[in-house]
Amino acid sequence: MPKRILVEVNSWFKRDRIVRNLELFQDIIVISLCVGLFCVMLIRLGDMFISFLHPLDLREVTSDILFILILVELFRLLVDYLQEHSISVGAAVEITIVSALREIILRGVLEIPRDQIFGISVFLLVLAGIFIASPWINKLFGNVNISEK
């Protein structure tokens, strides 16, 4: 009896089983994030259509549309992660660029201090560089296998 318990306890600590269980929990977390994002998208979409009943505020409508597009891209990124268990750098950079531009559009370029405009511009240039360079880096390092010896 005690020997069977030891074998059972040792089987709990097998690496492949631990990794499989952790990936399962990670998938559950990502699925719950997908469900939450989907609910937030529906709520924001409903709020946007309700706001059409009042006099139109172009800044608010633009904000809602851009926010829903960002949520859709995040949802797509999470679904891709569930399918492939990897994050697309290009999609993540696209989401970041749209998010930064959304904040600029909402606040207005004239209302943002010059230093912040300069910082945002450098940030967007770095993101553009990553976005342009990511296919080349993927081709360069895509065939490299890193294995433990």
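## Helices α2 and α3

A crossing of two helices is called left-handed if the near helix is turned anticlockwise from the far one by less than a right angle. By that definition, α2 and α3 cross in a left-handed way. The model in which this is seen is a predicted one.

Helix α2 covers residues 15-51 and helix α3 covers residues 58-84. Their axes come within 9 Å of each other, and the crossing angle is roughly 160 degrees. Angles over 145 degrees count as roughly antiparallel, and α2 and α3 are therefore roughly antiparallel to each other. Sorted by class, the residues in the contact of α2 with α3 are 21 nonpolar, 2 polar and 4 charged.

## Helices α3 and α4

Helix α3 also crosses helix α4, which is made up of residues 89-107. Here the axes come within 10 Å and the angle is roughly 165 degrees. This angle makes α3 roughly antiparallel to α4. The crossing of α3 with α4 is left-handed.

Which residues of α3 meet α4? On the α3 side they are R59, T62, S63, L66, F67, I70, E73, L74, R76 and L77. On the α4 side they are A91, A92, E94, I95, V98, S99, R102, I105, L106 and R107. By class, this contact has 11 nonpolar, 3 polar and 6 charged residues.

## Residue R102

R102 lies in helix α4. Is R102 buried or exposed? A residue counts as buried when its relative accessible area is under 20%. The relative accessibility of R102 is 13%, so R102 counts as buried.

Leaving aside residues up to four places away in sequence, R102 touches S63, L66, F67 and I70. S63, L66, F67 and I70 are also among the α3 residues that meet α4.

## The chain as a whole

How many helices and strands does the protein chain have? The count is 5 helices and 0 strands. Along the sequence, the pattern reads α-α-α-α-α.

The protein chain has 149 residues, and 21% of them count as buried. Among contacts between residues at least 6 apart in sequence, 63% join residues at least 24 apart.

Notes
Residues are numbered from 1 along each chain as its sequence is written. This is a predicted model: local features need pLDDT of at least 70, side-chain atom pairs count only at pLDDT 80 or more; totals for chains, interfaces and linings use all residues. Side-chain values use heavy atoms; hydrogens and water are left out. Axes are lines fitted to C-alpha atoms, for helices over the stretch in contact, and angles run from 0 to 180 degrees between N-to-C directions. Helices (H or I, at least four residues) and strands (E, at least two) are DSSP runs, numbered from the N terminus. Angles under 35 degrees count as roughly parallel, over 145 as roughly antiparallel, 65 to 115 as roughly perpendicular and the rest as oblique. Ala, Val, Leu, Ile, Met, Phe, Trp, Tyr, Cys and Pro count as nonpolar, Asp, Glu, Lys and Arg as charged, and the others, Gly among them, as polar. Contact means heavy atoms within 4.5 Å. Buried means under 20% relative accessible area, exposed over 50%, partly exposed in between (1.4 Å probe, protein chains only).
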